[in-house]
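Here is a short report on one protein chain. Please look over the sequence and the fold before reading on.

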Amino acid sequence: GVPRDKRKITVHHLLTHMAGLRDEFGNDEDPMERDELMRLILESPLKRPIGQRYMYTNAGYSMLGAIIEKVSGMGYEAYLRDRFFDPLGMDDTGYVLPRFDKSRLAVGYAGNGRRWGTLLDYPWADDGPYWNLRCNGGILSTLDDMYAWHRALETDAVLTQESRDLMFTPHVSEGPNIDTFYGYGWVSATTVQGTKLITHNGGNGFFFADMYRYIDEGVCFILFTNCGDTMGSTLDLRHMARGLRTELPD
């Protein structure tokens, strides 16, 4: 049922934000179910020709989540827990399956100090966020669990070397006059020392998370903040890391 103008979209295009799709189809809290969002994505005109140029799209990653569900026969979060989180002991990572104690959740704030609340204070479906947010964001986690994920990406614990190589390949430039490249869900760059950096961030204006993996130095920075609209202007981890030596002790 895919319309003719979108039949050449591949999983590779979706992973690298090269599918030409719109970024969003509503707010995170809108009660959008999977099949409704897929219909809107397929009916919507393309923003750019397929494969022509990088253009970040949350909707494209939601479509990837829908593909996972159709192929695996499992819900998206259940698939993540079965294949990744449970084997790695990431017990505090997910949407609703960890059954979070709400008293442990960070409260988000706007830059003026206005309380926004926690993600679970906002409307979600019984099995997690609605589909404008599902598969492209909204997963709750801890610093310890994110560090476990970093360590797993250094080994064959849950992904083969071939898969990891594909993830971290600089498939496409993020734009003209920008020295960063997009792989599969990760950005790659070269540091001022000429070493390899793998990174990604995300936020909603009230929360912000950032992860910088200095591959050659063996260093990983993970930051969470609950005042997300000030994070990008107050901290640049690439500047923080300028003092890193080429080789660091364990």
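Helices and strands here are DSSP runs, numbered from the N terminus; a helix has at least four residues and a strand at least two. The model is a predicted one.

**Loop residues**

D126 is exposed, with a relative accessibility of 81%. Its C-alpha atom is separated from that of H13 by 31 Å. Along the chain, D126 and H13 are 113 residues apart.

C135 belongs to the loop between β2 (115-117) and α5 (143-152). N177 belongs to the loop between β3 (172-173) and β4 (180-182). Each has a positive phi although neither is a glycine: near 75 degrees for C135, near 60 degrees for N177. Most residues other than glycine have a negative phi.

Are C135 and N177 buried or exposed? C135 counts as buried because its relative accessible area, 8%, is under the 20% limit. N177 counts as exposed because its relative accessibility, 84%, is over 50%.

R53 is located in the loop between α2 and α3. R53 is partly exposed. Outside the four places on either side in sequence, R53 contacts H17, M18, R48 and P176. Y76 is 23 residues away in sequence, and the C-alpha atoms of R53 and Y76 are 28 Å apart in space.

| Residue | Loop | Relative accessible area |
|---|---|---|
| R53 | between α2 and α3 | 40% |
| C135 | between β2 and α5 | 8% |
| N177 | between β3 and β4 | 84% |

**Helix α6**

Helix α6 spans residues 161-168, and R164, M167 and F168 are buried in it. Where do they lie around the axis? They are on the same side of α6, because they cover an arc of only 85 degrees. What do the buried residues of α6 pack against? Their partners are the strands β5 (187-190), β6 (196-203) and β7 (208-214).

**Nonpolar cores**

In soluble globular proteins, nonpolar side chains tend to be buried together. The largest nonpolar core in this model has 51 residues. L14, L37, I41, F84, W149 and W186 touch the most other members. Two or more residues of this core come from each of α1, α2, α3, α4 (76-85), α5 and α6.

L14 is one of those core residues. Beyond the neighbours within four places in sequence, L14 is in contact with I9, A19, L21, G60, Y61, M63, L64 and I67. Another core, of 5 residues, lies apart from the largest one. L197, Y212, Y214 and V219 are among its members.

**Second largest pocket**

Rolling a probe the size of a water molecule over the atoms shows where empty space is left. The second largest pocket has a volume of about 310 Å³. Its lining has 16 residues, of which V2, M38, L42, M63 and I67 are the closest to its centre. α1 (11-15), α2 (34-43) and α3 (58-72) each give two or more residues to this lining.

What is the lining of the second largest pocket by class? It has 9 nonpolar, 2 polar and 5 charged residues.

Definitions and conventions
Residues numbered from 1 in each chain as written. Predicted model: local features only at pLDDT ≥ 70, side-chain atom pairs only at ≥ 80, totals over all residues. Heavy atoms only, no water. Buried < 20%, exposed > 50% of the residue type's maximum accessible area, 1.4 Å probe, protein only. Arc of directions from axis to C-beta. Contact = heavy atoms within 4.5 Å. 1 Å grid on protein atoms, 1.4 Å probe; cavity = no way out; pocket = protein on both sides within 12 Å on 5 of 7 lines; lining within 4 Å. Points joined across faces, edges and corners; volume = space filled by probe spheres on them. Nonpolar A, V, L, I, M, F, W, Y, C, P; charged D, E, K, R; others polar. Core = buried A, V, L, I, M, F, W, Y, C linked by side-chain atoms within 4.5 Å.
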